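Please follow the account below with the sequence and the coordinates side by side.

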Amino acid sequence: MLRHARTPAQAEPAPGAGNTSAPALSRPALLALCACVLVAQGMVAAVNLLVPQLAASALRPSPGQLLWAVDAYVIVFAALLIPAGALGDRYGRKGALLAGLALFAAGGALSALAPDPAALIAGRGLCGAGAALIMPATMSVLVHLSPPERRGRALATWTLAAGLGGLAGNVGGGLAGEFLTWRALFWAVVPLGALLAAAVAVLVPRTPARPDASVDPAGALLLAGALLAVVYGIIEGPSYGWTSGRALAAFGAGAGLLAVFTAYGLRAARPLLDPRIFASRRLRAGTLGIGAAFFGLFALFFLNSQYLQYAKGFSPALTGLAIVPLTVGMAVVPRLGARLQERTGPRLPVGAGLGLIGAGLLLVSTADAGTPYAVYALYLLVLSVGTGLCAPSLTLTVVAELPPHQAGLGSGLNTAAREIGAALGVAVAGTVLASRFHGNPADPAQAGAFTDAMGTALRTVAVVLLLAAVAAVAGYRDRRASAQRN
């Protein structure tokens, strides 16, 4: 079956999947979809700028609760992306997108009203559930309505919107931290969600539903449970000890649930995700590469705001603007990455891009309180160029390995890899930082100890990323350049 599902051109297209009978995707509709992506991705980054304010707030969260407030969004987001993509395939992508925007707004309201850390974490999780419906729906609409020859550029536009979401989130979070409060940022989600829902309802065409698409509650619960258990073990390991019964039980539960999910998928008649699709070397390479890239990026996002505010003394608003170099490459380079992929195949842009991300993390790990901002900005630019170079090829690899009628599943798998990588990146970076630094980061006298711990965390993340990059690049070696073009 995999031989016939390697590229959209080789699979029998579903009605409307990139053919002339599909409704046209107008520029206003494309802009509306990209705006949804930008806002959903922006809320992943925005909360990082508010970590110092949240830590000092009346909620009085512990370090572990702070990590959960950041990671609840991406954990739920990642855990539900694949089932959410399947729901969109089965019941309609436009309906899934509108439902996601409603949940997103409701989660923002709950977060804004939170009286304690638990309510904030719950609100963030609800926002993540909304984003899980938003992201695959937007990508699958683009894939479904774009002809094969324009699909790569459409996905590059989607990637650009996600990258600009990081910029918008950092700037918005910084402005809220400087001039408003963290609650104001979450309140802003409510009118934004309503405005985007109105735009989608008017501008975005419906795509054909697939009543035969698999929606598998048991598989979704197993996958979500496995992810939650692993991230719980990473976050709570330093508090209880890596060899404590609690940490070992969490990791054991995660591994066991993943094994059960795999066995269930192999036996079920219509599983949520058939593990046999990972027999495709390219699919494994693409998902691993995407996860590795966002593992590195979101570890940096989590540490960057604290470094700039604690070690450099930047205000929250200036911190949000100071990360702009990280988004320059994400905005400019994806088109170059897409063209390079068309000419040489994905191996070169993937290898070069992931290598630059790892190199950028190692460079940032050398920063301390005395590092000039101009030098730090150059380090961020290296990371940015790497991300823009590899993201289109990695995204297209995952989407192209599944037939067009499974666009929701493919986009869900792609975005799940991004968010699982992001969640693990934040968890690993935060855990290493917490294990190496036990003081008050706001105390200028402890800035050196803080930056030393940050450097250790970033080097740890960089080593893991570069090892994953080697494995991902190796996954492309069995395809000739002529076949890679699709």
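The model is a predicted one, in which local features need pLDDT of at least 70 and side-chain atom pairs count only at pLDDT 80 or more, while totals for chains, interfaces and linings use all residues. Residues are numbered from 1 along each chain as its sequence is written, and side-chain values use heavy atoms, with hydrogens and water left out.

Helices and strands are DSSP runs numbered from the N terminus (H or I with at least four residues for helices, E with at least two for strands). H16 covers residues 447-474, and its axis lies 8 Å from that of H13 at an angle of about 170°; here axes are lines fitted to C-alpha atoms, for helices over the stretch in contact, and angles run from 0 to 180 degrees between N-to-C directions. The two helices, H13 and H16, are therefore roughly antiparallel to each other, given that angles over 145 degrees count as roughly antiparallel, under 35 as roughly parallel, 65 to 115 as roughly perpendicular and the rest as oblique. The contact (heavy atoms within 4.5 Å) involves, among others, Arg347, Val350, Leu354, Ile357 and Leu361 of H13 and Met454, Leu458, Arg459, Leu465 and Val473 of H16. By class, the contact of H13 with H16 has 15 nonpolar, 3 polar and 2 charged residues, where Ala, Val, Leu, Ile, Met, Phe, Trp, Tyr, Cys and Pro count as nonpolar, Asp, Glu, Lys and Arg as charged, and the others, Gly among them, as polar.

H13 (residues 347-364) also packs with helix H10 (residues 281-311), at an angle of about 20° and with the axes 10 Å apart. That angle makes H10 roughly parallel to H13, and the crossing of H10 and H13 is left-handed. On the H10 side the contact is made by Gly289, Ala293, Gly296 and Leu300, which meet Leu354, Ile357, Leu361 and Val364 in H13. Sorted by class, the contact of H10 with H13 has 6 nonpolar, 2 polar and no charged residues.

H10 also holds Gln306, which is buried, with a relative accessible area of 7%; buried means under 20% relative accessible area, exposed over 50%, and partly exposed in between, with a 1.4 Å probe and protein chains only. Once neighbours within four places in sequence are left aside, Gln306 is in contact with Val51, Ala311, Leu433 and Phe450.

A further pair is formed by helix H4 (residues 93-112) and helix H7 (residues 182-203), whose axes come within 7 Å and cross at roughly 160°. This angle makes H4 roughly antiparallel to H7. H4 passes H7 in a left-handed crossing. The residues in contact include Leu97, Leu98, Leu101, Phe104 and Gly108 of H4 and Trp182, Phe186, Trp187, Val190 and Gly193 of H7. By class, the contact of H4 with H7 has 16 nonpolar, 3 polar and 2 charged residues.

What surrounds Gln41, leaving aside its neighbours within four places in sequence? Gln41 sits in helix H1 (residues 27-49) and counts as buried at 3% relative accessibility, and its contacts are Met135, Ala162, Gly165, Phe298, Arg418 and Glu419.

Arg60, in the loop between helix H2 (51-55) and helix H3 (63-91), counts as exposed at 70% relative accessibility, and its phi is near 50°, a positive value in a residue other than glycine. Leu180 lies in the loop between helix H6 (148-179) and H7 and counts as exposed at 56% relative accessibility; not counting residues up to four places away in sequence, Leu180 touches Gln53 and Leu175.

The protein chain as a whole has 17 helices and 0 strands. Of its 486 residues, 59% count as buried, and residues 24 or more positions apart account for 85% of the contacts with a separation of 6 or more.

Terms used:
A crossing is left-handed if the near helix is turned anticlockwise from the far one by less than a right angle, and right-handed if clockwise.
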